[in-house]
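I have a model open and want to jot down what I looked up, one stop at a time.

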Amino acid sequence: MAEKLHMAVGIMGNAASLLLFAAPILTFLRVIKKRSTEEFSCVPYIISLSNCLLYTWYGFPIVSNKWENFPLVTINGLGILFELSFIFIYFWFASSNRKIKVAVGTICVITAFCIIALVSSFVFHDHHHRKIFVGTVGLFVATAMYGSPLVVVQVISTKSVEFMPFYLSFFSFLASSLWLAYGLLSHDLFLSTPNMLGCPLGFLQLVLYCIYRKNKGVIEEPLKWDIEKNDNDKTKQLQPALNNDEMITTINGKC
């Protein structure tokens with residue numbers, strides 16, 4: 001019964017994570033349409049790629065005991081394809097300066113992963129120590145991915161959820177909750193610990209969305225309206241002055 005529940009939670013975690021990985025598709029359709037990365041950053045996708053690489057390796061029988069963490073391999077393997085696709089699209093439409101940063105960041109992540117895979121394979125000779133080594137590194141990467149407060153700070157400072165889509169926040173909270181349950185059921189701290197941070201952060205984003213959802217996309221409009229209104233007021237103020245100047249010029253001309 002426990003094993004069936006464990007597998008069922010893993011399958012549901014896979015489904016939620018798949019929706020989470022697919023959430024940026026709309027963002028990159030916009031990038032392709034405008035042929036520009038605008039102000040979007042590629043850093044979250046590079047960090048997510050690192051996280052997917054590590055937890056795919058963590059789920060393989062080389063690190064874990066047989067296929068006890070098979071759901072990790074399936075979803076994070078798919079996540080690698082998603083993140084590489086997003087990074088490639090970003091690289092294609094980015095400026096020259098950003099292309100260098102993306103290339104360096106991606107190469108560093110892949111190189112670091114290869115080193116970790118080689119060390120865990122040839123330095124450690126049992127599953128227990130391999131899981132501790134790979135899990136510890138993955139723990140720090142997952143914490144960095146979940147713990148980034150930039151989106152929350154931006155929402156609070158602008159009082160707008162324009163750049164925090166609801167579905168991204170919802171699926172992040174749902175996936176974190178399910179993987180937390182999966183880690184607790186398997187008594188695996190390396191799976192449950194980072195999601196202990198992901199759950200409250202995802203919940204916080206949903207709370208902020210409920211608070212500021214009415215302000216979505218209305219930040220720039222008042223500014224535009226004020227500018228147009230001020231321009232109209234200035235035009236009305238200048239018109240009498242121009243008329244007075246024309247009358248003085250006419251009088252002087254007659255004299």
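Predicted model: local features only at pLDDT ≥ 70, side-chain atom pairs only at ≥ 80, totals over all residues.

I began with His187, which is exposed, at a relative accessible area of 74%. (For accessibility, buried means under 20% relative accessible area, exposed over 50% and partly exposed in between, with a 1.4 Å probe and protein chains only.) Its place is the loop between α8 (166–185) and α9 (189–212); helices are DSSP runs of H or I with at least four residues, numbered from the N terminus. Phi of His187 is near 55 degrees, a positive value in a residue other than glycine.

Residues are numbered from 1 along each chain as its sequence is written, and side-chain values use heavy atoms, with hydrogens and water left out.

Next I checked Arg35, in the loop between α2 (25–34) and α3. Arg35 also has a positive phi, near 55 degrees, and is exposed, with a relative accessible area of 60%.

Then Ser64: buried or exposed? I found Ser64 buried, at 0% relative accessibility, in the loop between α3 and α4 (70–93). Its side chain reaches the backbone oxygen of Tyr58 at 2.5 Å, and a polar contact of 3.1 Å joins the side chains of Ser64 and Asn69. (A polar contact is a pair of N or O atoms within 3.5 Å; within protein, one must be able to donate a hydrogen and the other to accept it, and residues adjacent in sequence count only if both atoms are side-chain atoms.)

On to the rings. Rings of Phe, Tyr and Trp (its six-membered ring) pair if their centres lie within 6.5 Å, and planes under 30 degrees apart count as stacked, over 60 as edge-to-face and the rest as tilted. I get 14 aromatic pairs by this rule. In one of them, Phe124 and Phe133 have ring centres 5.3 Å apart and planes at 35 degrees, so the pair is tilted. Phe124 is partly exposed at 23%, and Phe133 is partly exposed at 24%. One aromatic cluster is formed by Trp57, Phe60, Trp67, Phe70 and Phe113.

Last, I noted Lys99 over the face of Phe91, at 5.6 Å from the ring centre; the rule asks for NZ of Lys or CZ of Arg within 6 Å of the ring centre and within 35 degrees of the ring normal.

How values were computed:
Helix = DSSP H or I, 4+ residues; strand = E, 2+ residues; numbered from the N terminus.
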